[in-house]
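Thanks for joining this tour. Please have your viewer ready with the chain loaded, and we will go from one selection to the next.

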Amino acid sequence: MVAQCLGAISGVRLVEANQNSYYNRYGGGANVLSLGYNKCTGLGVEIIGTFVLVYTVFSATESKRNARDSHVPVLAPLPIGFAVFIVHLATVPITGTGINPARSFGAAVVYNEQKAWDDQWIFWVGPFIGAAIAAFHHHYILRAGAIKALGSFRSNA
């Protein structure tokens with residue numbers, strides 16, 4: 001996580017140095033909650049957006065597929081890219097689409113305006129909750145890991 005945050009900061013510094021007019025025009029790429037939306041809406045959007053992305057990644061890269069589906073992992077970038085596209089279409093107008101805390105953090109550090117820091121928690125809490133829900137759903141509900149786990153506690157007596 002530290003390396004990803006440092007990479008995001010470095011990337012934003014490169015954009016600032018090479019595309020200064022765009023950097024300033026678009027607020028340094030910092031994620032902020034748009035006017036007219038409250039913090040609960042922003043948090044919900046980030047949770048749902050991250051859930052969609054992480055769930056798609058898990059589903060597209062599932063290692064426990066049948067032999068007849070063995071070609072599917074080769075096509076995994078297609079549904080993942082489509083999920084990113086759809087999430088951006090839905091969430092850019094509301095939060096600027098965080099779905100990656102490091103990217104949001106890097107832009108906030110370099111841009112360093114108060115509004116970017118006021119909403120920064122949304123872009124950390126939302127993705128962590130969304131990813132955790134997607135992981136739980138994929139493992140324990142979709143793949144029935146909970147049923148298998150409960151079965152292991154039963155005695156053979």
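Begin with the whole chain in cartoon view: this predicted model has eight helices and zero strands. Read from the N terminus, the elements run α-α-α-α-α-α-α-α. If you colour by accessibility, buried residues make up 32% of the 157 residues in the protein chain.

**Stop 1: the annotated segments**

Now switch to 121-142, where the chain is 95% helix and 0% strand, with 30 Å between the end C-alpha atoms.

**Stop 2: helix 3 against helix 7**

Show helix 3 (residues 39-60) together with helix 7 (residues 122-142). How do the two axes meet? They come within 7 Å of each other and cross at roughly 40°. The crossing of helix 3 past helix 7 is right-handed. Colour the contact between helix 3 and helix 7 by residue class and you will find 16 nonpolar, seven polar and two charged residues.

While you are here, pick F136, which sits in helix 7. F136 is partly exposed, with 48% relative accessibility. Draw a distance from F136 to Y55: the two are 81 residues apart in sequence, yet their C-alpha atoms are 9.7 Å apart in space.

**Stop 3: aromatic rings**

Turn on the side chains of Phe, Tyr and Trp. Counting ring centres within 6.5 Å as a pair, there are seven aromatic pairs. One of them is Y23 with Y111, an edge-to-face pair with 6.1 Å centre to centre and 75° between the planes. This pair links distant parts of the chain, as Y23 belongs to helix 2 (residues 20-25) and Y111 to helix 5 (residues 101-111), 88 residues apart.

Now go back to helix 3 and select F51 and Y55. Their ring centres are 5.6 Å apart and the planes meet at 10°, so this pair is stacked. Both residues lie in helix 3, four residues apart, which is about one turn of the helix. F51 is partly exposed with a relative accessible area of 25%, and Y55 is also partly exposed, at 23%.

**Stop 4: two backbone angles**

Most residues other than glycine have a negative phi. Look for I99 in the loop between helix 4 (77-95) and helix 5, where I99 is buried with 14% relative accessibility. Then move along to N112, whose phi is near 55°, again a positive value in a residue other than glycine. N112 is found in the loop between helix 5 and helix 6 (114-118).

Note on methods
Residues numbered from 1 in each chain as written. Predicted model: local features only at pLDDT ≥ 70, side-chain atom pairs only at ≥ 80, totals over all residues. Heavy atoms only, no water. Phe/Tyr/Trp six-rings, centres within 6.5 Å; stacked < 30°, edge-to-face > 60°. Helix = DSSP H or I, 4+ residues; strand = E, 2+ residues; numbered from the N terminus. Buried < 20%, exposed > 50% of the residue type's maximum accessible area, 1.4 Å probe, protein only. Axes fitted to C-alpha atoms, helices over the stretch in contact; angles between N-to-C directions. Left-handed = near helix turned anticlockwise from the far one by under 90°. Nonpolar A, V, L, I, M, F, W, Y, C, P; charged D, E, K, R; others polar.
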